[in-house]
Amino acid sequence: MLTRRSLLGLLAATPLLARPAFAATPDVFAEGGLAIRGADPVAFFTAGAPTMGDAAHSLMWKGATWQFASAENMALFEANPEAYAPQYGGYCAFAMSKGAIATSVPEAWTIVDDKLYLNYSVNVRTIWSQDIPGNIEKANGHWPDILTA
């Protein structure tokens, strides 16, 4: 439920969250070239937690470097990257539902219907979680066209 306090918190965070997309927005959020800030995308599914990857187990996909905790996880991703890569290129799922692009952190993750979603922060994930189906539907309406808007 959206309380007055959470709404005020969201409004306070909006300048940080809501950044319109620009033509040069890459397909994948990759800080310093690393997707998911270096976390292993497969580990969210297999370990049930964000796990940092290792540069020894890395590959390029969609213009970003993806790191994995093990060669096995890297092989799983390489065989089916769409199954493990976060939705919306790893950009914040809540911001995407609002028609904006924001960064994300691995700690603010959720798996819904076998898909990985990331958010700007754990607090933003809490707000996003209040209407996951609605937020996913709205975000799907913006993705991927928002990258070229």
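Where in the chain does Leu 34 have its place? Leu 34 lies in strand β2, strands being DSSP runs of E with at least two residues and helices runs of H or I with at least four, both numbered from the N terminus. The points below begin with the whole chain and return to this residue.

1. Basis of the note. The structure is a predicted model, in which local features need pLDDT of at least 70 and side-chain atom pairs count only at pLDDT 80 or more, while totals for chains, interfaces and linings use all residues. Residues are numbered from 1 along each chain as its sequence is written, and side-chain values use heavy atoms, with hydrogens and water left out.

2. Overall architecture. The protein chain contains seven helices and six strands. Read from the N terminus, the order of elements is α-β-β-α-β-β-α-α-α-β-β-α-α. Among contacts (heavy atoms within 4.5 Å) with a separation of 6 or more, 58% join residues 24 or more positions apart.

3. Burial and surface. The chain has 149 residues, and 45% of them count as buried. Here buried means under 20% relative accessible area, exposed over 50%, and partly exposed in between, with a 1.4 Å probe and protein chains only. The accessible surface of the chain is about 7,600 Å², and carbon and sulfur atoms hold 57% of that area. Accessible areas come from the Shrake-Rupley method with a 1.4 Å probe; for residues, only the protein chains shown count as cover.

4. Salt bridges. Two salt bridges are present, the term standing for a side-chain nitrogen of Lys or Arg within 4 Å of a carboxyl oxygen of Asp or Glu. One pairs Glu 82 with Lys 62, and their closest N and O atoms are 3.7 Å apart. This pair links distant parts of the chain, 20 residues apart: Glu 82 belongs to helix α4 (residues 81-84), and Lys 62 to the loop between β3 (54-61) and β4 (64-68). Glu 82 is exposed at 53% relative accessibility, whereas Lys 62 is partly exposed at 46%. The other pairs Arg 37 with Glu 31, with 3.0 Å between the closest N and O atoms. Glu 31 is partly exposed, at 45% relative accessibility.

5. The largest pocket. A pocket is defined on a 1 Å grid over the protein atoms alone, as an open set of points with protein on both sides within 12 Å along at least five of seven lines; lining residues have an atom within 4 Å of a point. The largest pocket holds about 270 Å³ of space. Its lining has 15 residues, and Lys 62, Glu 82, Pro 86, Gly 89 and Trp 143 lie nearest its centre. By class, the lining comprises nine nonpolar, three polar and three charged residues.

6. Backbone features. Which kinds of backbone geometry are in the majority? Most residues other than glycine have a negative phi, and most peptide bonds are trans. The bond from Trp 143 to Pro 144 is cis, with omega near -5°, and Pro 144 sits in the segment after α7 (132-142). Arg 37 has a positive phi, near 55°; this residue lies in the loop between β2 (34-35) and α2 (43-46) and is partly exposed at 26% relative accessibility. Tyr 88 also has a positive phi, near 60°. Tyr 88 is placed in the loop between α4 and α5 (93-97) and is buried, at 3% relative accessibility.

7. Leu 34. This residue of strand β2 is partly exposed, with 24% relative accessibility. Beyond its neighbours within four places in sequence, Leu 34 contacts Phe 29, Thr 65 and Gln 67.

8. Thr 110. Strand β5 (residues 105-112) contains Thr 110, which is buried at 15% relative accessibility. Apart from neighbours within four places in sequence, Thr 110 is in contact with Lys 115, Leu 116, Tyr 117, Arg 125 and Trp 128.

9. Ser 97. Not counting residues up to four places away in sequence, Ser 97 touches Asn 135, Lys 138, Ala 139 and His 142. The C-alpha atoms of Ser 97 and Ile 132, 35 residues apart along the chain, are separated by 9.9 Å.

Note on methods:
On a 1 Å grid over the protein atoms alone, a cavity is a set of points where a 1.4 Å probe fits but cannot get out, and a pocket is an open set with protein on both sides within 12 Å along at least five of seven lines; lining residues have an atom within 4 Å of a point. Grid points are joined across faces, edges and corners, and a volume is the space filled by probe spheres set on the points. Ala, Val, Leu, Ile, Met, Phe, Trp, Tyr, Cys and Pro count as nonpolar, Asp, Glu, Lys and Arg as charged, and the others, Gly among them, as polar.
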